[in-house]
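Visitor: I am new to this structure and would be grateful for instruction in reading its features. May we proceed one feature at a time?

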Amino acid sequence: MALAMTFEENGDQFRQWLIDNSYPELAALSDAIKGSKNALKWLMDNKYYHLAAFDAVLDDDENARKWLQEFNFPILVVLADAVNQDIKSIKWLADHNLDIYIILSQKIKKTIDNNTFDPHKMIF
């Protein structure tokens with residue numbers, strides 16, 4: 001839930017909580033989703049390839065999607081599809097009592113819709 005809260009107005013408090021509680025990769029993911037190239041580089045440099053790929057899938061990168069599927073990260077694919085408002089993915093999350101992922105997908109979607117991104121993202 002702390003990751004989801006990083007996408008709110010007071011998100012910096014939750015971002016710092018993630019860092020202070022040994023979840024720097026989630027803080028970096030939040031920053032990457034918000035468009036930070038430095039955060040994306042940090043994810044790659046620290047071998048959080050699955051989180052970097054998740055960020056890329058949010059931008060419709062099919063190679064990143066294939067990578068997540070090949071390396072067995074199906075929940076990240078479903079979550080990315082839910083962010084992109086795929087009804088089947090949202091229903092799957094609901095059917096599996098993963099409401100927190102639905103909330104997270106809504107908060108990420110709102111952030112994406114309200115931000116301007118650099119089109120030059122890392123290619124997988």
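Visitor: In which helix is isoleucine 100 found?

Guide: This is a predicted model, and in it isoleucine 100 belongs to helix α9, which spans residues 99–114.

Visitor: Is isoleucine 100 buried, partly exposed or exposed?

Guide: Buried means under 20% relative accessible area, and exposed means over 50%, with partly exposed in between. The relative accessible area of isoleucine 100 is 35%, so this residue is partly exposed.

Visitor: How far apart are asparagine 38 and valine 78 in sequence and in space?

Guide: The two are separated by 40 residues in sequence and by 26 Å in space, taken C-alpha to C-alpha. Asparagine 38 is part of helix α4, residues 37–45. Its relative accessibility is 65%, so asparagine 38 counts as exposed.

Visitor: Let us turn to charged side chains. How many salt bridges are counted?

Guide: Side chains of opposite charge can pair when their charged atoms come close. A salt bridge is counted when a side-chain nitrogen of Lys or Arg is within 4 Å of a carboxyl oxygen of Asp or Glu. By this rule there are seven salt bridges. One of them pairs arginine 15 with aspartate 31, with the closest N and O atoms 2.8 Å apart. This pair links distant parts of the chain, since arginine 15 lies in helix α2 (residues 11–20) and aspartate 31 in helix α3 (residues 24–33), 16 residues apart. Arginine 15 is partly exposed because its relative accessibility is 24%, whereas aspartate 31, at 18%, is buried.

Visitor: Which residue forms a salt bridge with lysine 91?

Guide: The partner of lysine 91 is aspartate 95, and their closest N and O atoms are 2.8 Å apart. Both residues lie in helix α8, residues 87–95, four residues apart, or about one turn of the helix. Lysine 91 has 48% relative accessibility and therefore counts as partly exposed.

Conventions. Residues numbered from 1 in each chain as written. Predicted model: local features only at pLDDT ≥ 70, side-chain atom pairs only at ≥ 80, totals over all residues. Heavy atoms only, no water. Helix = DSSP H or I, 4+ residues; strand = E, 2+ residues; numbered from the N terminus. Buried < 20%, exposed > 50% of the residue type's maximum accessible area, 1.4 Å probe, protein only.
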